[in-house]
Amino acid sequence: MRKNVVISWSSGKDSTLTLLRLLKDPTYKVTALYTTHVKNDVPFQATPLNVVQMQADLIGLPLITIELPEVFPSNHIYQSTVINGLKKSGVAIDAIAFGDMFCNGIVDYRRSYIEPAGWECVFPLLGEASESLAADILSSGIKTFLITVDSERLPREYCGREYNKELLSELPPDIDPCGENGEFHTLVVQAPYFNGQINLELLHVEHLQRFSHQRYKATSVTNTSKSN
């Protein structure tokens with residue numbers, strides 16, 4: 001029997017590639033996505049919740065939204081809030097999947113609060129080289145934009161650019177091609193299993209003390225509405 005898996009969803013390329021991998025895996029049945037948010041935005045990506053809902057609707061999966069009291073709550077508050085939110089969702093859950101790539105202690109951390117709740121932790125991307133994953137993201141047809149840049153690690157001018165071969169070729173040599181060290185965060189607008197796409201009207205780039213955020217107006221266009 002296939003295991004019901006819920007995917008931790010950030011709105012970016014890593015969680016999208018995780019989704020694609022699991023949809024092809026006969027061991028699992030993807031039953032939902034879940035995202036944590038502070039007020040109306042997903043932390044780091046700064047993706048508005050309504051845009052995350054657009055993604056879930058295009059994929060055709062329910063979205064479990066879990067509100068955090070702040071961006072960096074204590075571990076106890078974060079873990080208990082996530083577990084309680086998942087349990088109250090009413091979604092069948094056997095496993096929780098994450099798009100983590102590096103073996104840097106994150107696996108043990110995830111397992112420390114997911115497994116005591118009775119669920120398996122799944123890491124479809126873990127341990128693969130960033131260069132290989134970046135190539136897989138592009139070859140899979142995932143279209144995504146850099147919407148947050150950490151200016152202490154990457155020039156602000158990269159904010160708002162499409163994630164493609166040209167961008168990867170221009171990244172400084174010390175920058176991970178998947179941004180796995182927090183150099184940048186992305187928003188996916190089109191991918192396999194999306195019944196359409198999200199059109200972005202890029203507005204201004206908001207420069208904060210450390211982070212820059214691409215602001216935009218998003219419109220969801222389904223394949224049905226395209227043909228009408």
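So, Arg-110: with a relative accessibility of 14%, this arginine counts as buried, where buried is under 20% relative accessible area, exposed is over 50%, and partly exposed is in between, using a 1.4 Å probe and protein chains only. Quick caveat: this is a predicted model, so local features need pLDDT of at least 70 and side-chain atom pairs count only at pLDDT 80 or more, while totals for chains, interfaces and linings use all residues. Residues are numbered from 1 along each chain as its sequence is written, and side-chain values use heavy atoms, with hydrogens and water left out.

Okay, back to Arg-110. You'll find Arg-110 in helix α4, residues 106–114; helices are DSSP runs of H or I, at least four residues, strands are runs of E, at least two, and both are numbered from the N terminus. What does Arg-110 form a salt bridge with? Asp-100, with the closest N and O atoms 3.0 Å apart. The pair links distant parts of the chain, as Asp-100 sits in the loop between β6 (95–97) and α4, 10 residues apart from Arg-110. By salt bridge I mean a side-chain nitrogen of Lys or Arg within 4 Å of a carboxyl oxygen of Asp or Glu. Asp-100 is buried too, at 11% relative accessibility. Leaving aside neighbours within four places in sequence, Arg-110 also has Tyr-78, Phe-98, Cys-121 and Phe-123 among its contacts, contact being heavy atoms within 4.5 Å.

The whole structure has 11 salt bridges. One of them joins the side chains of Lys-13 and Asp-14 at 2.8 Å, N to O. Lys-13 is buried, at a relative accessible area of 3%, and Asp-14 is buried at 16%. Then there's Arg-161 with Glu-170, at 2.7 Å, N to O. Here Arg-161 is partly exposed at 24%, and so is Glu-170, at 36%. There's also a salt-bridge network linking Asp-150, Glu-152, Arg-153 and Arg-210.

Next up, helix α5, residues 130–139. Buried or exposed: what are Ser-130, Leu-133, Ala-134 and Ile-137? They're buried. Looking down the axis of α5, the buried residues fall within an arc of 100 degrees, so they line one face of the helix; that arc is taken from the directions from the helix axis to the C-beta atoms. In general, an α-helix has 3.6 residues a turn, so residues three or four places apart point the same way. The buried residues of α5 pack against α1 (13–23) and α6 (165–170). On the face turned away from that buried side, you get exposed Glu-131 and Ser-139. Just after α5, Gly-141 has a positive phi of about 90 degrees.
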